[in-house]
Amino acid sequence: MKILLAEDDPNIVMIAKMVLSKVGGHDVDVAVDGGEALHKALANAYDLILLDGMMPVHPGVEVCKRYQEQKQGPQAPIIFLSAKSSPEDISTFMSLGAGYIQKPFDPKSLCSCIDDILRQAA
Amino acid sequence: MKTLKAKINILVLAVIGSAGFFGFMSYEMDRKISYIQSLAVESLSLRDAISDIKPEKKNQEVLQRLKAIKSRLKEPERRRAASDLIQAYNANNRRLFYTRARQFDKIERSFFKKTQIAFQIARKRLKFYLFMTALIPGFLLFILFYYVNVGILSPLQTLSSRMMEFLIDQYTFRFSTPPNNEIGNLERTFNSLAQKVLNNMDELKALDRAKSEFVSIASHELRTPLTSIKGSLGLLSSNIVGEMNQEAKDMVLVAEQETDRLVRLINDMLDLAKIEARSLNLKREWSSLRDLIKKTSQGMQGFASAAKVHLQVVEPIQELEALMDADRVQQVITNLISNAIKYSPEEGIVTIEYMPLDEQRIGITISDQGKGISDENKALIFQKFRQATDSNNHLVKGTGLGLAISKALVEEHEGEIGVRSKLGEGSTFYFTLKQWRVRSTEKDQRNSGEAA
């Protein structure tokens with residue numbers, strides 16, 4: 001899959017990119033803030049968008065909303081990656097996107113987790 | 001004059017004073033009437049005495065008597081008449097004596113008439129004073145009564161009922177125009193007190209919000225670096241970044257397990273803080289207990305199998321629902337089952353059972369065949385960060401917060417939680433929920449979305 005990873009923490013970028021490409025064999029594109037994420041998401045076609053909850057310029061939720069409003073053509077499914085866990089936050093994520101993965105996540109199971117979510121959403 | 005005390009004191013003094021004054025005047029008038037009457041009677045007896053005197057028999061005794069009579073007379077006319085009479089008696093002039101006696105009599109009669117007139121006047125005055133003795137104090141008492149009722153008793157009544165509003169947490173009323181007296185002071189104090197309570201409540205709410213925010217931010221901040229730590233360790237242990245020797249793998253495993261433990265601890269602390277701050281916002285909905293317990297025990301099946309422990313569920317005949325936050329009750333049941341599995345021996349059985357206790361309450365129990373819990377520990381285990389050793393006497397890898405959270409969740413549902421256990425005979429953890437009912441078929445259709 002072609003995946004867009006929007007995440008401002010470089011450590012997590014490194015880890016996630018490594019797992020997704022080496023274990024899942026996916027093609028990973030990175031954005032380090034909400035502005036870049038929105039720009040790339042609108043400009044390119046991805047099979048999946050992973051959005052960090054808190055990023056500079058726009059937080060994940062806002063990127064998601066704007067993407068859904070402005071995207072021309074088929075929309076990629078969106079999974080949020082966030083440290084937030086309150087029921088209000090989770091229901092916000094769920095109502096907007098396909099799924100939600102809580103941080104800290106286990107890198108070993110990241111790929112299967114993503115597969116499960118996508119399968120359930122389909 | 002501003003205070004009620006001064007006004008009331010003055011009024012009371014005025015009542016007493018006026019009653020005293022007019023009472024005294026009445027008394028004096030009564031005495032005067034008696035005096036007038038005695039004068040009248042005396043005058044009558046004088047006339048009698050004089051008419052008895054026979055001037056032919058001249059007598060020292062009679063002369064003395066005449067002189068005594070004269071000395072008693074105060075009015076100059078009467079004294080003159082008496083003097084003339086004595087003079088005639090001394091002169092031995094019979095005809096003159098009788099003339100003077102007639103004159104004396106005439107004057108006495110006129111005097112008597114005067115006393116009668118004075119008597120009437122005095123009687124009228126007495127009536128007047130008696131009337132005032134009743135009227136003036138009565139009127140003043142009426143004013144006093146007015147002040148006490150309107151100025152004291154009514155405001156006190158208002159104050160008392162407004163204060164009762166405090167009992168139902170209403171602190172909004174203020175006295176808008178407190179008067180400048182003792183009642184006013186009370187009202188002003190009431191206003192200040194109510195404001196103080198409101199301010200305290202606001203402060204507490206703000207404190208509560210600050211605490212929740214802090215916990216939320218703190219847990220987020222703690223989770224962020226843990227993400228990278230867990231991530232790197234995961235990559236290491238999965239050999240994605242290359243092979244390690246066995247010792248290195250063991251080290252990484254330790255780090256991974258402790259990291260997971262930290263993550264659970266943060267989650268538990270966040271839960272506990274939310275519960276304690278009462279910002280948990282439990283949902284209260286009717287949900288099927290059977291579905292909940294089935295789902296939970298199925299979810300724990302993997303953990304049970306790994307520990308070689310059997311799970312069994314005992315259900316009542318009727319299908320029951322409870323008014324609860326299903327997710328949170330699931331959390332409690334999961335915690336209790338998890339503990340039961342941890343503390344069970346191999347091939348042990350963990351039994352989950354639920355049944356109505358009475359009209360109000362329903363009870364859920366999780367029993368295990370573990371070591372049992374001593375009496376001292378029974379209370380301790382529900383405290384934060386307390387753990388016991390497991391069935392193999394290993395220190396259990398938990399956070400020590402599970403039962404504390406379960407306790408808080410059950411109590412938020414207004415239920416009770418506890419344990420029945422004897423050393424060597426296993427334990428039965430139980431908790432109660434406050435409202436239950438039998439699931440009926442129409443509700444079945446309505447609840448079909450809820451159940452799963």
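## A salt bridge in chain B

With a relative accessible area of 34%, Asp358(B) is partly exposed, where buried means under 20% relative accessible area, exposed means over 50%, and partly exposed covers what is in between, using a 1.4 Å probe and protein chains only. Asp358(B) forms a salt bridge with Arg361(B), and the closest N and O atoms of the pair are 3.3 Å apart; a salt bridge is a side-chain nitrogen of Lys or Arg within 4 Å of a carboxyl oxygen of Asp or Glu.

## How to read the model

This is a predicted model, in which local features need pLDDT of at least 70 and side-chain atom pairs count only at pLDDT 80 or more, while totals for chains, interfaces and linings use all residues. Residues are numbered from 1 along each chain as its sequence is written, chains are lettered from A and ligands numbered from 1 in the order in which they are written, and side-chain values use heavy atoms, with hydrogens and water left out.

## Chain B as a whole

Chain B contains twelve helices and eight strands, which are DSSP runs numbered from the N terminus, helices being H or I with at least four residues and strands being E with at least two. Of its 452 residues, 37% count as buried, and the accessible surface of chain B comes to about 26,900 Å², of which 56% belongs to carbon and sulfur atoms. These accessible areas come from the Shrake-Rupley method with a 1.4 Å probe, and for residues only the protein chains shown count as cover.

Contact means heavy atoms within 4.5 Å. Among the contacts in chain B with a separation of 6 or more, 72% are between residues 24 or more positions apart.

Helix α2 of chain B runs over residues 60-72, and at 1.5 Å a residue its 13 residues should span 18 Å, which agrees with the 19 Å between its end C-alpha atoms; the expected span is 1.5 Å times one less than the number of residues. Which residues of α2(B) are buried? They are Val62(B), Leu63(B), Leu66(B) and Ile69(B).

In helix α4 of chain B, Asp105(B) and Arg109(B) are four residues apart, which separates them by about one helical turn. Their side chains meet in a salt bridge (3.9 Å, N to O). Asp105(B) is partly exposed at 23% relative accessibility, and Arg109(B) is partly exposed with a relative accessible area of 42%.

Tyr129(B) also lies in helix α4 of chain B, but this residue counts as buried at 13% relative accessibility. Not counting residues up to four places away in sequence, Tyr129(B) touches Phe22(B), Met25(B), Ser26(B) and Met29(B). Although Tyr129(B) and Gly23(B) are 106 residues apart in sequence, their C-alpha atoms are 7.2 Å apart in space.

Phe142(B) is found in helix α4 as well, which takes in residues 94-167, and it is exposed with a relative accessible area of 53%. Together, Phe142(B), Phe145(B), Tyr146(B) and Val150(B) make a nonpolar surface patch of about 450 Å². Patches are made of residues with over 30% relative accessible area and no salt bridge, where like charges are joined within 9 Å and nonpolar side chains (Val, Leu, Ile, Met, Phe, Trp, Tyr) within 5 Å.

## Other salt bridges

Over all chains, the structure holds 28 salt bridges. One of them joins the side chains of Glu258(B) and Arg261(B) (3.5 Å, N to O), which both lie in helix α6 (residues 246-276) of chain B, three residues apart, about one turn of the helix. Glu258(B) is partly exposed at 35% relative accessibility, and Arg261(B) is partly exposed at 34%.

A network of salt bridges links Arg290(B), Asp291(B), Glu315(B), Glu319(B), Glu321(B), Arg437(B) and Arg439(B).

## A buried residue in contact with chain A

Thr227(B) is found in helix α5 (residues 182-237) of chain B, and this residue is buried, with a relative accessible area of 1%. Which residues is Thr227(B) in contact with, leaving aside its neighbours within four places in sequence? They are Ile12(A), Lys103(A), Pro104(A) and Phe105(A).
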